[in-house]
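Welcome! Take a moment to look over the structure below before reading on.

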Amino acid sequence: MAELKLMKGNEAIAEAAIRCGCDGYFGYPITPQSEIMETLMARQPWDETGMVVLQAESEVASINMVYGGAACGKRAMTSSSSPGISLMQEGITYIAGSELPCLIVNVVRGGPGLGTIQPAQSDYFQAVKGGGHGDYKLIVLAPASVQEMYDFVDLAFELAFKYRNPAMILSDGVIGQMMEKVQIGDYKPRLTDEEVVKRYGSWATTGKPSTRERNIITSLDLDANSQELFNLKLLKKYAEIEKNEIRFEEISCTDAEYLLVAYGSSSRICQKTVDLAREKGIKVGLLRPITLYPYPYGAIQKLVPQLKGILAVEMSAGQMVEDVRLAVNGKVPVLHYGRMGGVIPTPNEVLKVLEDKLIKG
Amino acid sequence: MDVKDIIKEENLVYSKSKVLTDTIMHYCPGCTHGVVHKVIAEVIEELGIQDKTIGVSPVGCAVFAYNYLDIDWQEAAHGRAPALATAINRLYPDKYVFTYQGDGDLASIGTAEIIHACNRGENIVVIFINNGIYGMTGGQMAPTTLIDMPTSTTPYGRKVDLNGYPLKITDLVAQLPGTCFVTRHSAHTPAAVRKLKKAVTKAFQNTRRKKGVSFIEVVSTCNSGWKLSPVESNNWMVEHMFPYYPLGDMKDE
Amino acid sequence: MTEEIIIAGFGGQGVLSMGKILAYSGIMQDQEVSWMPSYGPEMRGGTANVTVILSDSRISSPIIQEFDTAIILNQQSMDKFEPMVKPGGLLIYDPNGITRHPVRKDIAIYQVEAAEEAARTKNPRTFNMIVLGAFLKVKPIVKLDNVIKGLEKSLPERHHNLIPVNKEAILKGMELAKKYS
């Protein structure tokens, strides 16, 4: 039954997984996202929907369990935080290379190395530019609220299955740990093998009936020419995704002379900066990419003619700003403002940079 | 007499399992893999579980196992087959799942995955090919390489002070309560192959009875890696491998 | 209306759950809410704090550096958060264990002897509800009915028998709120 609840972002991920018909979650504890598996284990969805929840021996095992489950045509997912996601990169590139749909949730913390458990956005490059080896892309969704944490679980699975491609929710410790009100949806039943075949085709390893050829899930092709053909096939798929799936939000952009670009929790902070700046008469807007891959280059380009400058705000040393610069292509100044190591920028801080560096500078 | 006169139903003494495909195997002449593939195919056919069996192939010479057995397959990253098999088993508790792994895959890079899959008592079959060497990458040292055995990365033989001891991983997993059947076999004589087939049959029957992990090590040869002829390889295996890796059941519950 | 609140004290004082009940109360009267805790090792026995925002409109940043209200339950939190109250804002604190009292002249300051009351009634777990009551007396941003509904939502069903005790504690807190400066 649908209802309104106060939930942590991490809890929302777990609840959404159960309700959207996820078949299996495989994970390993790491702060600040352990509530995802804890919530699932407390909810015991195997009794309710038949969903499997398993604590693996490592992140390496988790992601490979996701591979095994996804290769069965199941809605399989895992979650972790930065150091754990680094360990998963092997599995992620195999999943991308085998064209399997799955969901990986990264509740980002500061790095490099063991870093900190406090929130950061320093895994942007890893998420959108590759992470693992080889030419591949993840569909990357960046929730900015607990409601979006909830909603994007189903959305990520839908997109993942539509394109047979792994999807990632790139969140951070702020969104994971914060509680907000969430509109919880009705239960979507888990799909049967027959329904999966009907909707998405007959590629999964379910046991070979006499009526079809055997299904082989692999990313191996030792012949260079046929591997290149496969790479081209992937590129075609990515072009489709770029055409169809770009998502973003514009706040106060209509008359904006200055633009903030920020995703996830930084976008929440920047929303407040916009309010503060507007009170002072500064015409500033906020563009929030919701999909980080595919990135809303076009939306930024469209605003460029009316802009005097852009400030990209992220909790990193400056990663997403590179995509903003790609979009702008030198036509207006693009500055970066970021805090690192788990430090969260404040709305006033961002306002000061906007005024001192972008407007006056 | 023409060949056509010979190919007749009444003259049939052996036929290839229908679960084996017609693909020509890439294995070296004398390699054990082909024999073990054949045994698994025959067991799957005899148990009538072709439509319910999912194989997980490794990284190693058997990476292309999926070309030879006509069942659904998943190809795992190096060492991770037990993790894939875990998920398949959990999501399809009524199907038959087996991993097919070499010694580098199972006993080196995939040690954590095999130990924990065994410890959880996943309802799966593990076929473990131990030839004491990395075949596919060109004959490097494996965790199971014997002391003083030369390989391309131990050209003067494996030395304990440099490389540690040959790992008896089968003995290790036999300690775990999640395994129900742990046994060591070979496939170098018709009698050995018959015994192996009995063990593989029992392993899949254990899956049917949901008993946990059935783990079958097959002490094998790698005549290319060992740089011996197939016959010499078999003899070398009997003389050197069997004393360290003795054949027989370690556990059958 | 937007009310931005920091609640800060020691772990174990019920700081996070007070915030949660407040947030649920906001939901009960159709407001937007956010609840953002400090997290990590500092939660284990050290200081704990949570930022709670209730608003009639969409909440922008859940992380803020200035607060309409600071509810302060130990000295460290006093030192850290007194300067972060907006001019004209509210600071409410339990003087128990406080050695350096607040000094700001541009904000309203209230005390509530919650620890003493909780000890007197031998019911230490009602401490945070006494504090909440004092806050709601000074700033009635949520109706008592909605707080009770919030309690029902945030407590697991097996603890619903505790709701009357908590309600009493909230009412007691309302009585105990007293102006400090």
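## Where chain A meets chain C

The strands involved are β8(A) and β2(C), residues 32-37 of chain C, which pair in the antiparallel sense over 2 bridges. Two strands count as paired if DSSP finds at least two bridges between them. Helices (H or I, at least four residues) and strands (E, at least two) are DSSP runs, numbered from the N terminus.

A word on the model itself: it is predicted, so local features need pLDDT of at least 70 and side-chain atom pairs count only at pLDDT 80 or more, while totals for chains, interfaces and linings use all residues. Residues are numbered from 1 along each chain as its sequence is written, and chains are lettered from A and ligands numbered from 1 in the order in which they are written.

In total, 21 residues of chain A are in contact with 16 residues of chain C; contact requires C-beta atoms, placed from the backbone, to lie within 7 Å. On the chain A side, two or more residues each come from β1 (3-8), α8, β8 (179-184), α11 and α14 (347-360). Of these, α11(A) gives the most, with 5 residues.

## The helix α11 of chain A

How many of the 16 residues of α11(A) are buried? The count is 12, so this helix is largely enclosed by the rest of the structure. Buried residues have 20 or more other C-beta atoms within 10 Å of their own C-beta, exposed ones 12 or fewer, and partly exposed ones fall in between, with C-beta atoms placed from the backbone. Among the buried residues are Arg268(A), Ile269(A), Cys270(A) and Lys272(A).

After α11(A) comes Gly281(A), with a positive phi near 85 degrees.

## A five-stranded sheet

Chain A has an open sheet of 5 strands with mixed pairing, in the order β10-β12-β11-β14-β15. β10 (248-251) and β15 (334-338) of chain A stand at the edges with a single partner strand each, so one side of each is left without a neighbour in the sheet. Neighbouring strands are turned by 20 degrees against each other on average, direction ignored.

β10(A) pairs with β12(A), residues 284-289, in the antiparallel sense over 4 bridges. Within this pair, Ile251(A) stands opposite Leu286(A). Helix α11(A), residues 264-279, packs on the sheet and touches β10, β11 (258-261), β12 and β14 (309-314) of chain A; its direction makes about 170 degrees with that of β12(A). Helix α13(A), residues 321-328, also packs on the sheet, touching β11, β14 and β15 of chain A. Such angles run from 0 to 180 degrees between N-to-C directions, with axes fitted to C-alpha atoms, for helices over the stretch in contact.

Chain A is divided into domain 1 (3-193) and domain 2 (248-360), with bounds from an automatic or database domain assignment. Their C-alpha centres lie 27 Å apart, and 25 residues of domain 1 are in contact with 21 residues of domain 2.

Chain A also touches chain B, through 32 residues from chain A and 29 residues from chain B. The largest share of the chain A side, 6 residues, comes from α4(A). β9(A) and β2(B), residues 72-75 of chain B, pair in the parallel sense over 2 bridges, and Ile217(A) has Gln74(B) as its bridge partner.

Definitions and conventions
Contact = placed C-beta atoms within 7 Å.
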